[in-house]
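Subject: Handing over a structure

Hello,

Here is the structure I promised you. Please open it first, then read my notes below.

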Amino acid sequence: MRTRYRTGAWSAGLALALAIVVLLSASIGPVDIDLPVVAMATLNAIGIPSSVSASVDTTTLVGVAVPAPDLAISYTYLFSFSIPAKSELIVRELRLPRIVLGAVVGFALGTAGAVMQGFFRNPMADPSIIGVSTGAAVGAVATIAFPLAIPFGLQTAAFVGAVVTAFAVYLIATENGRTPVATLLLAGVAIQTFLGAVVSFLLLQSGESLEQAVYWLMGHLSASGWDEVEVTLPVVAVLFVVLVPFARDLNVLMLGEEDAQTLGIPVEWTKRVLLAVSSVLTAAAVAVAGVIGFVGLIVPHVMRLLVGPDHRILLPTSALAGATFLVATDTLARAGPQELPVGIVTAALGAPFFLLLLVRREVHEL
Amino acid sequence: MTDLLSVEDVTVGFGEAAILSDVSLAVDAGAFVGLVGPNGAGKTTLLRAINGVLELDTGSVHVQGDAIEECSTREWSQRVATVPQDTSVSFAFRVEDIVEMGRTPHRSRSQFGSTETDRRQIADALDRTDTTQFRERPIDELSGGERQRVFVARALAQDTPLLLLDEPTASLDVNHQVEILGLVRDLVGEGRGALAAIHDLDLAARFCDRIALLHDGSIRAFGSPEDVLDPAVLDEAFATRTAVSTNPVTGSPTVTARSTRDDGDRRVHVLGGGRLGARAIATLDAAGHTVSAGVFRGGDVAAETAATLGVSPVTTPPTGEVGPGAIARAHELADEADVVVLADVTVGSRQWVLDVAESAPAVVLLEDRPIEDRVLAGERARARYETLRDRGHLADIESVPLAVAEAKRELERFADD
């Protein structure tokens, strides 16, 4: 009862914070737009999918025509405030896609971070600990260095690189159907180091596209549109819904795997599900936004200090706080005279904050 | 009737590395079985084989007739609850959250909060383990003993017919040791079964209906505490010398481990009974000496102590003259001894105590009462006692082993010269 109440209260509060940050962020930019106009433009942009039609197109890949599914989604819009067309265009087509994608990516990283820290029983774990981000980087940088002519080529390559890496790390660390988390961690570190070398090599080969590759590696939300949101949002939403029923299992797992087993948790199966879901979640985020550090580490950590270790509260609050944090930092990243990759901002803000927690002994258990 | 828990021919780990080999054990509903044995005997391994954490290499484990391999993890956890040995938690879960986790086997994944049954079980478990006052506290702020009780509460909330406890009293104060084991006794009285690894043999004897002695991965003895706590059985398992007597308060067997330290073949004979004699015998025995004692009157506390430690004392009836046979036996033992200890001896008219002491090569004296109260046989006896005192070593009870060692060394030096 108490848990349900606390979860509801915290989630509502954070959702409100997210809404405020989204509106503020949408009002900030080279063109000044008043908040009420921003609010109306944002409400106008809220669409509910009303019909989906699928057709098969053909795409030319390496000179061969390949069939590619093409989903056309039509939306019903709930609001239609009348506002200046120019303002509506700026908010709806330039600022909102980026903000919404930032929120989705932050939501995914916050969730995956909370799951990974519980899974590894280690507050220093973050979604990239088993090599997901580095795997994505290999895919992305390879596509930048050697471009492929497929839609979402870079994102697809990054996603595939991330998932394949996570799966490889899992296979390496598994013996006789058991995957000790310590082995998983070590295998992740080793694979990350190896893939780091691959990324460096690819960067050397990338020639003129070096700058683009480095920019991707730093993590960014620029050049994002509704197309990315359309793919990422449903994936993240579905995976989050899959994770929520595991909140209690995560709590029990934090007491240790042996305890969890005696309390009726099928430990290895649960670990596989959690690992797979959080890896795909991270991969989906990293594929569209590049390597954004510290969100998955710091957000769940701070939330644990605030709401306690119970994942029934920690999971939704970390997700919402991750979304809020990333939208806010991305606003900072693009508000300055020169736009910065958001990964720089999250790391630059996150690391000192983490050190502060460390010095104040708020973070001590490992 | 089928047993609640039946373990048959369980082997864990193959060949020479077998941690458990062919272990069979049964726990009835309503029985509290204690698992004792030296460290590394396989007590924890056996519990982990029963609760499903370890896979069996051979053999079978059944609870209420269901085989472990035919139950899912969840189904098994509705039958067997475990109180782990290590209760350290590095995350700040509230005590109530921890106890609530005990309800995990009874909940579906989609259930977010607690049902009425859940809440009742949790409140009941907190209440019975006397942890209700901690319910809001973070678990990592509790002491080891308090945490232990919280984990017992978690196992209670799990509401299973079988309870496994791995060293439930290891980190508890003596009052909570008794409380927790008393609680387990009560639960067992309600028709559950309990199997607990307990390293304290006295506690096991006091609270358990049956005791299984595990040594080197197999059951060496299984039966009532009186049968299992037999010095001959214990000595082999624990590789020490033990003495078993009856605890005067609880009436259950109590085990005293004795030193196996062997300081050469130092033989000591203790003369003089009473409290000081009893303590001298126990102290010297603990220090590794081979002790003989007597003559004691029947019913003397020193005679009982000697008997407990496996020393058969020379005794004589409580009243009347000390028989010539007993005195002759005392002479024999004293002659075989290196050192004779006079523990606050009383010298009667026949002065046989002085006869025995004077024939000994070395004498250590313990004194409590004044000489005039003890040496009652006139000036002559008094003079003899003073002479013994001059050539012997005076000691108090703490320094008796030291004084004996000193006396023995002097003796050896004298022999070398």
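Predicted model: local features only at pLDDT ≥ 70, side-chain atom pairs only at ≥ 80, totals over all residues.

Residues are numbered from 1 along each chain as its sequence is written, and chains are lettered from A and ligands numbered from 1 in the order in which they are written.

Confidence first. pLDDT is the predictor's confidence in each residue, from 0 to 100. Chain B has an average pLDDT of 84. In chain B, 96% of the residues score at least 70. For the complex, the predictor gives an ipTM of 0.81 and a pTM of 0.77.

Now chain A. It holds 14 helices and two strands. Helices (H or I, at least four residues) and strands (E, at least two) are DSSP runs, numbered from the N terminus. The radius of gyration of chain A is 21 Å, close to the 21 Å from the globule rule for 366 residues, so chain A is as compact as a globular protein of that length. That radius is taken over C-alpha atoms, and the rule is 2.2 Å times the number of residues to the power 0.38. The C-alpha trace of chain A spans about 60 × 55 × 45 Å along its principal axes. Of the 366 residues in chain A, 48% are buried. Buried means that 20 or more other C-beta atoms, placed from the backbone, lie within 10 Å of the residue's own.

Next, where the chains meet. The contact takes 22 residues from chain A and 23 residues from chain B. Two residues are in contact if their C-beta atoms, placed from the backbone, lie within 7 Å. On the chain A side, α1 (2-27), α9 (247-253) and α10 (257-262) each supply at least two residues. α10(A) gives the most, with four residues.

Last, the sheet in chain B. Six strands form an open, parallel sheet in the order β15-β14-β13-β16-β17-β18. The edge strands of chain B, β15 (314-316) and β18 (393-395), each pair on one side only. Strands pair if DSSP finds at least two bridges between them. In chain B, β13 (residues 267-271) and β14 (residues 290-297) pair in the parallel sense over four bridges. Arg267(B) stands opposite Thr290(B) in β14(B).

Best wishes

Key: Buried ≥ 20, exposed ≤ 12 C-beta atoms within 10 Å, placed from the backbone.
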